[in-house]
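User: I'd like to understand the labels used for this protein. Could you take me through them one at a time?

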Amino acid sequence: HTDGAPERLLFLWTLFEGVPKFYRDCFEQGVLAADRRTLLKKMFFESSSPLRTEADNWFLKELHGRYDVVLKYVAKNPGKMNGDIEAHVRETSRDEKEQVAGYLKILIARFGLLEKKLPVFAKPGARRARYFLSDNFLTAWLAALAAQISALSVQPADKLVETANLRLVDVEGHALERLVAHLYEERSRKRVGDFTLTQRIDGYWNSHETEIDLVAIDDENKRIRFGTCKRSPQKLIADVKNFSEHVERFNDAFPRFASYKQEVVGFTVRADDDVRAALAEHGLLCQDLVDLTAGLG
């Protein structure tokens, strides 16, 4: 990434995940080390930008109508359930006969553009599934970039780049959750760090407003770790009491983990000593992207 800053890692991960082609494109355009706005403008907003039509060429060329509506909605509202998506599509189309379940199935099974996630420990047939776009680049495109690029003929490029950048910051919130989960799994696989996973790290939610971003399980050593992810470290501190209540409700629902050593972690992009101390006062370990990338090489 040319720059070890955690903010830079999250920015590039949100846009390009780990696809080598995109990083090579940035390198060839001389912006791999450029600031956010310069990279966005050069790669997406100029007439010769190499990624200006990438999403249409590789992801969206076969999709029209309701498929497009579903993808845009999920990109801007990650984690929505079937009912939310169905209501949006029907409101948009004004057609009560729209078969949203069919659209979702095709986008998952045929195109691989959506992924259906269940809360950790849920049975395969549970009705609490949430939907996410499976590709970071497509998510960033639909949620932050596409509308701004389409307005280039009527608005100044610099203004559109700034708007895209601000919207991308919002997208980075969910991308942080995915990145933390990925890093935890990678650290466990390489036996780096302080926690060994015995199953994939995942989130938990239920119908009683319990929401835990990440639940990590180490059955061999009887440890369970609950994680909350916030791009802003100050939001981590402000949400401590609320998150503790979520963990309590989880324990009420799964008493079998009462014998496990329980750890609560606040994840953020970068945390200074004051943030770590403030979270420690409430019994939370703090881990940022600097911590999670250490030792991975």
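User: Which residues are exposed on the other side of helix 7?

Analyst: Happy to start there. This is a predicted model, in which local features need pLDDT of at least 70 and side-chain atom pairs count only at pLDDT 80 or more, while totals for chains, interfaces and linings use all residues. Residues are numbered from 1 along each chain as its sequence is written, and side-chain values use heavy atoms, with hydrogens and water left out. Ala-101, Lys-105 and Ala-109 are the exposed ones. Exposed means over 50% relative accessible area, buried under 20%, and partly exposed in between (1.4 Å probe, protein chains only). Helices are DSSP runs of H or I with at least four residues, strands are runs of E with at least two, and both are numbered from the N terminus.

User: What makes the buried residues of helix 7 line one face?

Analyst: The buried residues in helix 7 (residues 100-109) are Val-100, Tyr-103, Leu-104 and Leu-107. Looking down the helix axis, they fall within an arc of 95 degrees, so they line one face of the helix. That arc is taken from the directions from the helix axis to the C-beta atoms. An α-helix has 3.6 residues a turn, so residues three or four places apart point the same way.

User: What covers the buried residues of helix 7?

Analyst: The cover includes helix 5 (66-76), helix 6 (82-93), strand 1 (114-117) and strand 2 (130-133).

User: Why is Leu-152 called buried?

Analyst: Leu-152 has a relative accessible area of 18%, and the cut-off is under 20%, so Leu-152 is buried. Leu-152 sits in the loop between helix 8 and helix 9. Leaving aside neighbours within four places in sequence, Leu-152 is in contact (heavy atoms within 4.5 Å) with Phe-45, Arg-52, Ala-157 and Leu-160.

User: And is Leu-32 buried or exposed?

Analyst: Leu-32 has 14% relative accessibility, so Leu-32 counts as buried too. Leu-32 is in the loop between helix 2 (20-28) and helix 3 (36-45).

User: What makes a set of residues a nonpolar core?

Analyst: A nonpolar core is a set of buried Ala, Val, Leu, Ile, Met, Phe, Trp, Tyr and Cys residues joined through side-chain atoms within 4.5 Å. The largest core here has 50 residues, of which Leu-15, Phe-16, Phe-44 and Leu-145 touch the most other members. Helix 8 gives the most to this core, with nine residues. Apart from it lies another core of 22 residues, including Ala-181 and Leu-296.

User: Which residues lie nearest the centre of the largest pocket?

Analyst: They are Lys-117, Phe-132, His-174, Glu-177 and Arg-178, out of 41 lining residues. A pocket, on a 1 Å grid over the protein atoms alone, is an open set of points where a 1.4 Å probe fits, with protein on both sides within 12 Å along at least five of seven lines, and lining residues have an atom within 4 Å of a point. Helix 9 supplies the largest share of this lining, ten residues.

User: How many residues of that lining are charged?

Analyst: There are 16 charged residues, alongside 17 nonpolar and eight polar. Asp, Glu, Lys and Arg count as charged, Ala, Val, Leu, Ile, Met, Phe, Trp, Tyr, Cys and Pro as nonpolar, and the others, Gly among them, as polar.
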